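Please keep the sequence and the 3D view open as you read.

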Amino acid sequence: MADTERAEAEQIRLAQRGDQVAYGTLVRRHQDRIYRHLLHLTGSREEALELAQEVFINAWEALPSWRPDAQLHTWLYRIASNLALDVLRRRKVVQFVPLEGDYDAPADAPGPEARLSARQGLQALDAALMQLPPEQREIVLLREVEGLSYDEIAATLELDPGTVKSRLARSRAALAAAYRRTEP
Amino acid sequence: MNDENRADCPRIEDISALFDGALTGRAAEKVKAHAAHCPLCNATLREFEAISTQLHTLRDTRSDVDLAALIGPRLAPRGPARPPRSRPRWGDLWQLVPGGLGAAGALAAGAYLGMLLLTGGGTALRPAAMTVFDAVPPGALCAGLPSCSPRGR
């Protein structure tokens, strides 16, 4: 077990016994990935921030009975996904919220035109993502943005690995088709 | 694209798994060899790669907010863990004496009353129906004039 994993296991143990300082450390370690996942699922900064707080409050309440059979981050993703899907179902119609205007293309892009093109491409991709049903969007995000393995996705979404493989493939194909339609 | 049901193309699941490195061995070689000469599957692989590259740039998204500080006041404090229940000590068994005596007394009283009923020691009530054959019918002070008169008249 790596040092960071050992340290996290210790912080989880302390947090399970009610140590809020240890839990704060865990929150700071995982908050960016949970916020990011919620942001790209819901398309709203405010909603993502609200839901991210709910994720960590729910996790705090459930932590004493949580057993470390899986990794903490897959458990947090699961809570986040469930909350986000509830919100999206209530919302019914998923509105497209364009990627923030302050997005800057990677610094290694060759020039202003290329940077503009990269930015437009990303905005088109974000629009295409929002056209997918939430279940397809979340699996693409978990794989491509969060970098989860098939097994981790299976644990997060409570699916068997075969279903992960087929759902991911169909979601990618759907995203590619939507992207072709929205590409600038 | 291969999801348009071209008979000789591999399934989209296999192309996606190949892209992720989740397809190995002969199955991977087969899909690779096919994609090398199939413009449709080759285009699909390149499309997956282009999308993946762009999506990776979203990994830099940060919350820019200290969520731990935000939720801190909303975390319910947990009470101290309840100590496990200890086994009773033999020295403490005297505490059971009053309750035990009460229970024994109640049992003895019940047994005594039951015995009385079985042995007829109590005042047995005669059923009302049996009194029809008595000299004095039930409810009547006299069965007839003779029985009311000490001399039978």
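What percentage of the 184 residues of chain A count as buried? The share is 49%, where buried means under 20% relative accessible area with a 1.4 Å probe and protein chains only.

## Ground rules

This is a predicted model, in which local features need pLDDT of at least 70 and side-chain atom pairs count only at pLDDT 80 or more, while totals for chains, interfaces and linings use all residues. Residues are numbered from 1 along each chain as its sequence is written, chains are lettered from A and ligands numbered from 1 in the order in which they are written, and side-chain values use heavy atoms, leaving out hydrogens and water.

## Confidence

For the complex, the predictor gives an ipTM of 0.80 and a pTM of 0.69. Chain B has a mean pLDDT (the predictor's confidence in each residue, from 0 to 100) of 77, with 63% of its residues at 70 or more. Where pLDDT is low, the predicted coordinates should not be read in detail.

## The fold of chain A

Chain A has eight helices and zero strands; these are DSSP runs numbered from the N terminus, with H or I over at least four residues for helices and E over at least two for strands. Among its contacts (heavy atoms within 4.5 Å) between residues at least 6 apart in sequence, 65% join residues at least 24 apart.

## The largest cavity

Two cavities of 30 Å³ or more are found in the structure. On a 1 Å grid over the protein atoms alone, a cavity is a set of points where a 1.4 Å probe fits but cannot get out, and lining residues have an atom within 4 Å of a point. Grid points are joined across faces, edges and corners, and a volume is the space filled by probe spheres set on the points.

The largest cavity holds about 70 Å³ of space. Helices H2 (20-42), H3 (45-62) and H4 (72-91) of chain A each give two or more residues to its lining, and H2(A) provides the largest share, four residues. Among the lining residues are A:Tyr23, A:His30, A:Phe56 and A:Trp75. By class, the lining has ten nonpolar, one polar and no charged residues; Ala, Val, Leu, Ile, Met, Phe, Trp, Tyr, Cys and Pro count as nonpolar, Asp, Glu, Lys and Arg as charged, and the others, Gly among them, as polar.

How values were computed:
On a 1 Å grid over the protein atoms alone, a cavity is a set of points where a 1.4 Å probe fits but cannot get out, and a pocket is an open set with protein on both sides within 12 Å along at least five of seven lines; lining residues have an atom within 4 Å of a point. Buried means under 20% relative accessible area, exposed over 50%, partly exposed in between (1.4 Å probe, protein chains only).
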